[in-house]
Amino acid sequence: MLNLPEGINDYLLESTEPEEELLRELAEATSEGTKWIQMQTGHLEGSFLRLLIQAIGAKNVLEVGTFTGYSALSMAMGLPADGKITTLDIEPEYTDIARSFWEQSPHGSKIELIMGQALESLTSLTGPFDFAFIDADKQNYLNYWEAVVPKMRKGGVIAVDNVLWYGRVLSPKHGDDHAIVTFNERVARDERVDRVMLSVRDGITLARKR
Ligand SMILES: C[S@@+](CC[C@H](N)C(=O)[O-])C[C@H]1O[C@@H](n2cnc3c(N)ncnc32)[C@H](O)[C@@H]1O
(Lines give C-alpha, C1' and ligand atoms only; values in the text may rest on other atoms or scores of the structure.)
Protein backbone atom coordinates (compact mmCIF):
# COMPACT_ATOMS: atom_id res chain seq x y z
CA MET A 1 0.00 0.00 0.00
CA LEU A 2 1.08 3.60 -0.42
CA ASN A 3 2.80 5.05 2.62
CA LEU A 4 0.27 7.46 4.03
CA PRO A 5 1.14 9.74 6.95
CA GLU A 6 0.70 8.00 10.32
CA GLY A 7 -2.93 7.71 11.36
CA ILE A 8 -4.39 8.68 7.98
CA ASN A 9 -5.67 5.19 7.19
CA ASP A 10 -7.55 5.07 10.51
CA TYR A 11 -8.85 8.56 9.79
CA LEU A 12 -10.14 7.44 6.37
CA LEU A 13 -11.92 4.51 7.99
CA GLU A 14 -13.43 6.67 10.74
CA SER A 15 -14.65 9.12 8.10
CA THR A 16 -16.39 6.42 6.04
CA GLU A 17 -19.67 4.78 6.99
CA PRO A 18 -19.10 1.85 9.37
CA GLU A 19 -18.34 -1.63 8.12
CA GLU A 20 -21.27 -4.09 8.31
CA GLU A 21 -20.85 -6.71 11.01
CA LEU A 22 -20.89 -9.61 8.49
CA LEU A 23 -18.12 -8.01 6.40
CA ARG A 24 -16.09 -7.45 9.56
CA GLU A 25 -16.51 -11.13 10.46
CA LEU A 26 -15.53 -12.13 6.90
CA ALA A 27 -12.33 -10.09 7.17
CA GLU A 28 -11.60 -11.80 10.49
CA ALA A 29 -12.28 -15.28 9.05
CA THR A 30 -9.99 -14.48 6.08
CA SER A 31 -7.24 -13.42 8.45
CA GLU A 32 -7.59 -16.61 10.48
CA GLY A 33 -8.29 -19.04 7.61
CA THR A 34 -5.80 -17.89 4.95
CA LYS A 35 -2.34 -16.34 4.75
CA TRP A 36 -3.53 -13.71 2.31
CA ILE A 37 -5.61 -11.08 4.08
CA GLN A 38 -3.74 -8.41 2.08
CA MET A 39 -5.47 -9.72 -1.08
CA GLN A 40 -8.82 -8.64 0.32
CA THR A 41 -10.14 -5.27 -0.84
CA GLY A 42 -11.30 -4.41 2.67
CA HIS A 43 -13.68 -1.79 3.99
CA LEU A 44 -12.50 1.37 2.21
CA GLU A 45 -12.22 -0.11 -1.26
CA GLY A 46 -15.30 -2.28 -0.77
CA SER A 47 -17.33 0.82 0.17
CA PHE A 48 -15.88 2.64 -2.86
CA LEU A 49 -16.94 -0.15 -5.24
CA ARG A 50 -20.39 -0.31 -3.69
CA LEU A 51 -20.87 3.45 -4.02
CA LEU A 52 -19.78 3.38 -7.67
CA ILE A 53 -22.30 0.64 -8.38
CA GLN A 54 -25.04 2.67 -6.71
CA ALA A 55 -23.96 5.86 -8.50
CA ILE A 56 -24.24 4.36 -12.00
CA GLY A 57 -27.31 2.28 -11.13
CA ALA A 58 -25.53 -0.95 -12.09
CA LYS A 59 -27.56 -4.15 -12.25
CA ASN A 60 -25.28 -6.61 -14.01
CA VAL A 61 -21.79 -6.85 -12.48
CA LEU A 62 -18.76 -8.97 -13.34
CA GLU A 63 -15.88 -9.72 -10.97
CA VAL A 64 -12.63 -11.44 -11.93
CA GLY A 65 -11.05 -12.69 -8.68
CA THR A 66 -13.44 -13.66 -5.86
CA PHE A 67 -11.05 -14.83 -3.11
CA THR A 68 -13.09 -15.09 0.13
CA GLY A 69 -15.89 -12.95 -1.26
CA TYR A 70 -15.46 -9.61 0.49
CA SER A 71 -15.62 -7.40 -2.63
CA ALA A 72 -18.45 -9.47 -4.15
CA LEU A 73 -20.54 -9.11 -0.99
CA SER A 74 -19.72 -5.39 -0.70
CA MET A 75 -20.82 -4.85 -4.31
CA ALA A 76 -23.94 -7.01 -3.86
CA MET A 77 -24.97 -4.71 -1.02
CA GLY A 78 -25.07 -1.83 -3.52
CA LEU A 79 -27.21 -3.67 -6.08
CA PRO A 80 -31.00 -3.57 -6.35
CA ALA A 81 -32.93 -6.74 -5.47
CA ASP A 82 -32.91 -7.88 -9.12
CA GLY A 83 -29.19 -7.11 -9.56
CA LYS A 84 -26.60 -9.82 -10.19
CA ILE A 85 -22.86 -10.34 -9.76
CA THR A 86 -21.03 -13.02 -11.69
CA THR A 87 -17.72 -13.66 -9.97
CA LEU A 88 -14.86 -15.86 -11.19
CA ASP A 89 -12.21 -17.77 -9.27
CA ILE A 90 -10.28 -21.00 -9.40
CA GLU A 91 -9.44 -21.75 -5.79
CA PRO A 92 -12.11 -23.60 -3.74
CA GLU A 93 -10.13 -23.17 -0.52
CA TYR A 94 -10.98 -19.44 -0.72
CA THR A 95 -14.40 -19.60 -2.34
CA ASP A 96 -15.73 -22.06 0.29
CA ILE A 97 -15.22 -19.27 2.81
CA ALA A 98 -16.94 -16.84 0.43
CA ARG A 99 -20.00 -19.07 0.03
CA SER A 100 -20.34 -19.63 3.78
CA PHE A 101 -20.57 -15.85 4.33
CA TRP A 102 -22.75 -15.02 1.32
CA GLU A 103 -25.26 -17.58 2.63
CA GLN A 104 -25.65 -15.51 5.78
CA SER A 105 -26.53 -12.33 3.89
CA PRO A 106 -29.84 -11.31 2.28
CA HIS A 107 -27.65 -10.04 -0.62
CA GLY A 108 -25.89 -13.40 -1.15
CA SER A 109 -28.53 -14.62 -3.61
CA LYS A 110 -27.40 -11.90 -6.06
CA ILE A 111 -23.97 -13.56 -6.39
CA GLU A 112 -23.16 -16.35 -8.87
CA LEU A 113 -19.73 -17.94 -8.60
CA ILE A 114 -18.14 -19.62 -11.63
CA MET A 115 -15.15 -21.83 -10.79
CA GLY A 116 -12.27 -22.37 -13.22
CA GLN A 117 -9.68 -20.44 -15.19
CA ALA A 118 -11.19 -16.97 -15.39
CA LEU A 119 -10.11 -16.50 -19.01
CA GLU A 120 -11.99 -19.63 -19.98
CA SER A 121 -15.07 -18.70 -17.94
CA LEU A 122 -15.11 -15.29 -19.59
CA THR A 123 -15.59 -16.85 -23.02
CA SER A 124 -19.02 -18.14 -21.95
CA LEU A 125 -20.20 -14.74 -20.64
CA THR A 126 -21.80 -12.27 -23.02
CA GLY A 127 -22.87 -9.40 -20.74
CA PRO A 128 -23.53 -6.64 -21.35
CA PHE A 129 -22.16 -5.66 -17.95
CA ASP A 130 -22.74 -2.31 -16.26
CA PHE A 131 -19.78 -2.65 -13.92
CA ALA A 132 -16.72 -4.93 -13.77
CA PHE A 133 -14.00 -5.37 -11.17
CA ILE A 134 -10.70 -6.96 -12.23
CA ASP A 135 -8.69 -8.29 -9.29
CA ALA A 136 -7.11 -11.68 -10.14
CA ASP A 137 -3.66 -12.89 -11.28
CA LYS A 138 -1.59 -9.97 -12.55
CA GLN A 139 -0.01 -11.88 -15.47
CA ASN A 140 -3.44 -12.04 -17.08
CA TYR A 141 -4.56 -8.47 -16.43
CA LEU A 142 -4.18 -7.50 -20.08
CA ASN A 143 -6.02 -10.64 -21.21
CA TYR A 144 -8.83 -9.92 -18.77
CA TRP A 145 -9.00 -6.33 -20.00
CA GLU A 146 -9.25 -7.39 -23.64
CA ALA A 147 -11.92 -9.95 -22.78
CA VAL A 148 -13.95 -7.62 -20.54
CA VAL A 149 -14.00 -4.30 -22.49
CA PRO A 150 -16.14 -5.66 -25.37
CA LYS A 151 -18.62 -7.11 -22.84
CA MET A 152 -19.30 -3.74 -21.20
CA ARG A 153 -22.32 -1.68 -22.13
CA LYS A 154 -21.70 1.86 -23.38
CA GLY A 155 -21.19 3.96 -20.24
CA GLY A 156 -20.32 0.85 -18.20
CA VAL A 157 -17.45 1.19 -15.72
CA ILE A 158 -14.45 -1.10 -15.15
CA ALA A 159 -12.42 -0.87 -11.94
CA VAL A 160 -9.00 -2.54 -11.86
CA ASP A 161 -7.20 -3.17 -8.58
CA ASN A 162 -3.48 -3.05 -7.67
CA VAL A 163 -2.38 -0.92 -10.61
CA LEU A 164 0.42 0.62 -8.51
CA TRP A 165 1.56 -2.86 -7.40
CA TYR A 166 2.96 -1.61 -4.10
CA GLY A 167 4.94 1.07 -5.97
CA ARG A 168 6.87 -1.50 -8.02
CA VAL A 169 5.53 -0.02 -11.28
CA LEU A 170 8.30 2.60 -10.96
CA SER A 171 11.11 0.01 -11.02
CA PRO A 172 9.71 -3.28 -12.29
CA LYS A 173 11.88 -6.35 -11.62
CA HIS A 174 9.73 -9.47 -11.62
CA GLY A 175 7.12 -10.92 -13.98
CA ASP A 176 4.07 -9.50 -12.21
CA ASP A 177 5.68 -6.05 -12.03
CA HIS A 178 6.19 -6.00 -15.80
CA ALA A 179 2.68 -7.37 -16.41
CA ILE A 180 1.14 -4.49 -14.48
CA VAL A 181 3.35 -1.91 -16.24
CA THR A 182 2.42 -3.30 -19.67
CA PHE A 183 -1.23 -3.34 -18.66
CA ASN A 184 -1.14 0.27 -17.44
CA GLU A 185 0.55 1.41 -20.66
CA ARG A 186 -2.13 -0.28 -22.76
CA VAL A 187 -5.01 1.20 -20.75
CA ALA A 188 -3.51 4.69 -20.80
CA ARG A 189 -3.82 4.77 -24.60
CA ASP A 190 -7.01 2.72 -24.98
CA GLU A 191 -9.39 5.05 -26.83
CA ARG A 192 -12.35 2.73 -26.27
CA VAL A 193 -12.65 4.07 -22.71
CA ASP A 194 -12.38 7.24 -20.62
CA ARG A 195 -9.76 6.39 -18.00
CA VAL A 196 -8.22 7.62 -14.77
CA MET A 197 -5.76 6.06 -12.34
CA LEU A 198 -6.39 6.76 -8.65
CA SER A 199 -4.04 6.33 -5.70
CA VAL A 200 -6.71 4.65 -3.57
CA ARG A 201 -5.14 1.82 -1.56
CA ASP A 202 -2.78 0.00 -4.00
CA GLY A 203 -4.02 2.02 -6.98
CA ILE A 204 -7.32 1.62 -8.83
CA THR A 205 -7.88 2.39 -12.49
CA LEU A 206 -11.40 3.43 -13.41
CA ALA A 207 -12.48 3.25 -17.03
CA ARG A 208 -15.80 4.13 -18.65
CA LYS A 209 -16.72 2.50 -21.95
CA ARG A 210 -17.25 5.08 -24.67
C1 LIG B 1 -6.57 -10.49 -5.03
S2 LIG B 1 -7.55 -11.91 -4.89
C3 LIG B 1 -9.19 -11.30 -5.10
C4 LIG B 1 -9.65 -10.50 -3.89
C5 LIG B 1 -11.13 -10.25 -3.84
N6 LIG B 1 -11.55 -9.39 -4.94
C7 LIG B 1 -11.49 -9.64 -2.50
O8 LIG B 1 -11.64 -8.43 -2.40
O9 LIG B 1 -11.56 -10.38 -1.51
C10 LIG B 1 -7.20 -12.74 -6.40
C11 LIG B 1 -8.01 -14.01 -6.65
O12 LIG B 1 -7.78 -14.40 -8.02
C13 LIG B 1 -7.84 -15.81 -8.08
N14 LIG B 1 -7.16 -16.25 -9.30
C15 LIG B 1 -5.82 -16.25 -9.55
N16 LIG B 1 -5.57 -16.74 -10.78
C17 LIG B 1 -6.77 -17.07 -11.32
C18 LIG B 1 -7.17 -17.62 -12.56
N19 LIG B 1 -6.28 -17.93 -13.51
N20 LIG B 1 -8.49 -17.83 -12.78
C21 LIG B 1 -9.40 -17.51 -11.84
N22 LIG B 1 -9.08 -16.98 -10.64
C23 LIG B 1 -7.78 -16.76 -10.38
C24 LIG B 1 -7.18 -16.28 -6.81
O25 LIG B 1 -7.60 -17.59 -6.49
C26 LIG B 1 -7.63 -15.22 -5.79
O27 LIG B 1 -8.73 -15.67 -5.06
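This is a predicted model: local features need pLDDT of at least 70, side-chain atom pairs count only at pLDDT 80 or more; totals for chains, interfaces and linings use all residues.

Ala118 puts a backbone N or O atom 3.0 Å from a nitrogen atom of the ligand. With Asp137 I found a polar side-chain atom 3.1 Å from a ligand nitrogen. For Ile90 I got a polar backbone atom at 3.5 Å from a nitrogen atom of the ligand; I count that as a contact because the cut-off is N or O atoms within 3.5 Å.

Then I checked how covered the ligand is. Taken alone it exposes 610 Å², and the protein buries 90% of that.

**Strand S2**

Is strand S2 mostly covered or mostly open? I checked residues 84-89 and found five of the six buried, so mostly covered, with buried meaning under 20% relative accessible area.

I then followed the pairing on either side. S1 (residues 60-64) runs parallel to S2, with five bridges joining them; Asn60 has Lys84 in S2 as its bridge partner. S3 (residues 111-115) is also parallel to S2, again through five bridges, and there Thr87 is partnered by Leu113.

**Crossovers**

S1, helix H4 (residues 70-77) and S2 form a right-handed β-α-β unit. S2, helix H5 (residues 92-102) and S3 make a right-handed β-α-β unit as well.

Note on methods: Residues are numbered from 1 along each chain as its sequence is written. Side-chain values use heavy atoms; hydrogens and water are left out. Buried means under 20% relative accessible area, exposed over 50%, partly exposed in between (1.4 Å probe, protein chains only). Helices (H or I, at least four residues) and strands (E, at least two) are DSSP runs, numbered from the N terminus. Two strands pair if DSSP finds at least two bridges between them. A crossover is right-handed if, with the strands pointing away from the viewer, the path from the first strand over the helix to the second runs clockwise. A polar contact is a pair of N or O atoms within 3.5 Å; within protein, one must be able to donate a hydrogen and the other to accept it, and residues adjacent in sequence count only if both atoms are side-chain atoms. Accessible areas come from the Shrake-Rupley method with a 1.4 Å probe; for residues, only the protein chains shown count as cover.
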